[in-house]
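Please consider the structure shown below together with its sequence.

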Amino acid sequence: MGLGVGVIGCGRWGQNYIRVFHELPAARVIGACDVDPRRLSLISQRYPDVPTFTDLAQLLEQKELDALVVALPVSVQGEVVRTALLRRKHVLAEKPFVVDPREGLELVKLARRVKAALMVGYIFLYNPAVRKLKEHLRDPRQGIGDLYYLYATRTALGPVRNDVNVAWDLAAHDIAIFSYLLETRPESVNAVGSKFLRNSREDVVFATLNYPNQVIGHIHVSWADPNRVRQVVVVGSRQRILYDDLNIQEQLRIFEKSVYSSGKDTDSFGEFILAIRDGDILSPKIEVSEPLKNQCEHFLESIQNGASPLTDGPFALDVLSVLGALQRSLNGNGAAAKVSYEYSLY
Ligand SMILES: NC(=O)c1ccc[n+]([C@@H]2O[C@H](COP(=O)([O-])OP(=O)(O)OC[C@H]3O[C@@H](n4cnc5c(N)ncnc54)[C@H](O)[C@@H]3O)[C@@H](O)[C@H]2O)c1
């Protein structure tokens, strides 16, 4: 029969959840909920078999409902997640989960108490190209060498959010990707940003994340850029790797190209010889699968096995801690902000 899944928030993103769960044999869509009846009538036209509700309480009353997907503006997600957990429903909430890590921690504890799965939709960790990149970085035979730094660019023209700035909306993805790839957390953040679109919140942010071993992660996110870019670049002593989400043919390209110091002084002024190595450009084969579908399948499996999902509550709490430091640095015009992991469960 499949697990009964409901979706609250049927906007641009929530509609994708309804499509994917509707297609997955291991699930049945029990209902869709939104405060906006126009959104619901679109759902009814596309999926006449899916009942729609404007009130969450009605959806939660459906006997066959096992799990709730929450795809709402982040500022209202916490209350809805709490309500669903108190009804002992498994929850998949959209990133970045909530705004206040204290509230996030309470929800993670609540989920544990009621023995419900709680997952946060950090979709890029279910993206085959990002997974391949991680495999490559973790395999010493693949030869990235020493990891120097990585940088992400995530720009486009909107959609502009009304409740959070661009960092909470977009940089959250890159913080999650960096944590996944590096298997470590940043110690401090420097961030600057600006408000160009007459929004009261930053629509452009440049952030530098300082990781252990002097590894630097840089993130450029913007809602105010006419050019849509979704890229992560990893630079090591032996290779440079480009993950380009918009390049369907070659999402990952490995440049056997590097620049390194010979370590020898060339003269009395202490100049170093910088050597350049130039080799092949490789384009690894990547399995074709839809990241959102992988994410939803992982959620269903976690419920069935009782195992913690990859992007569980504690994972999201750490991203929130980094976002909190990023925000403090933004408020302080780029002054370094230490990441306090006081709400961390790791
Ligand atoms: N993982 C991703 O790649 C990705 C992509 C886009 C959006 N998102 C996330 O998904 C969430 C929704 O984004 P979106 O682009 O679909 O926004 P949206 O504005 O298009 O949709 C939000 C919907 O929620 C409804 N809504 C608002 N408050 C409600 C409430 N209290 N009860 C019921 N319905 C309510 C609105 O009517 C609207 O239909 C955000 O948290 C965003 O961060 C994630």
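The paragraphs that follow go from the sheets to the helices, then to the loops and the ligand.

The model is a predicted one, in which local features need pLDDT of at least 70 and side-chain atom pairs count only at pLDDT 80 or more, whereas totals for chains, interfaces and linings use all residues. Residue numbers start from 1 along each chain, as its sequence is written. Helices (H or I, at least four residues) and strands (E, at least two) are DSSP runs, numbered from the N terminus.

Strands of a sheet pair through backbone hydrogen bonds, either parallel or antiparallel. Two strands are taken to pair here if DSSP finds at least two bridges between them. An open sheet is formed by six strands with parallel pairing, in the order E3-E2-E1-E4-E5-E6. Strand E3 (52–53) and strand E6 (118–121) are at the edges with a single partner strand each, so one side of each is left without a neighbour in the sheet. Within this sheet, strand E1 (residues 3–8) and strand E2 (residues 27–33) are joined in the parallel sense by six bridges. In that pairing, Val7 stands opposite Ala32 in E2. Helix H1 (residues 14–23) packs on the sheet, where it touches E1, E2 and strand E4 (67–70), and the direction of H1 makes about 155° with that of E2. Such angles run from 0 to 180 degrees between N-to-C directions, and axes are lines fitted to C-alpha atoms, for helices over the stretch in contact.

Another set of pairings involves strand E7 (residues 147–157). E7 and strand E11 (residues 224–236) pair in the antiparallel sense over nine bridges, and Ala152 stands opposite Val232 in E11. E7 is also joined to strand E10 (residues 216–222) by seven bridges, and these two strands run parallel. Here Thr155 stands opposite Ser222 in E10.

The helices may be taken next. Two packed helices are described by the angle between their axes and the distance between the axes. Angles under 35 degrees count as roughly parallel, over 145 as roughly antiparallel, 65 to 115 as roughly perpendicular and the rest as oblique. Residues are in contact if their C-beta atoms, placed from the backbone, lie within 7 Å.

Helix H4 (residues 74–86) packs with helix H5 at an angle of about 15°, their axes being 10 Å apart. H4 is therefore roughly parallel to H5. Gly78, Val81, Arg82 and Leu85 of H4 make this contact with Glu103, Leu107, Leu110, Ala111 and Val114 of H5. By class, the contact of H4 with H5 has six nonpolar, one polar and two charged residues. In this classification Ala, Val, Leu, Ile, Met, Phe, Trp, Tyr, Cys and Pro count as nonpolar, Asp, Glu, Lys and Arg as charged, and the others, Gly among them, as polar.

H5 (residues 101–114) also packs with H9, at an angle of about 175° and with axes 10 Å apart. This makes H5 roughly antiparallel to H9. On the H5 side the contact includes Pro101, Gly104 and Leu105, and on the H9 side it includes Gly313, Pro314 and Ala316. The contact of H5 with H9 has nine nonpolar, four polar and no charged residues.

What angle do helix H7 (residues 166–182) and helix H9 (residues 313–331) make where they pack? The angle is about 125°, and the axes are 10 Å apart. H7 is therefore oblique to H9. Among the residues that meet are Ala167 and Trp168 in H7, and Asp318 and Val319 in H9. The contact of H7 with H9 has 10 nonpolar, one polar and one charged residues.

Some loops have backbone features to note. The peptide bond from Lys95 to Pro96 is cis, with omega near 0°, and Pro96 lies in the loop between strand E5 (90–94) and H5. The bond from Gly158 to Pro159 is likewise a cis peptide bond, with omega near -5°, and Pro159 is in the loop between E7 and H7. Arg88, in the loop between H4 and E5, has a phi near 60°, a positive value in a residue other than glycine.

Finally, there is the ligand. Of the 22 residues around the ligand, Gly9, Gly11, Trp13, Asp36 and Glu94 come nearest; a residue is near a molecule if its C-beta atom, placed from the backbone, lies within 6 Å of it. The shell around the ligand has 11 nonpolar, four polar and seven charged residues.

Methods
Contact = placed C-beta atoms within 7 Å.
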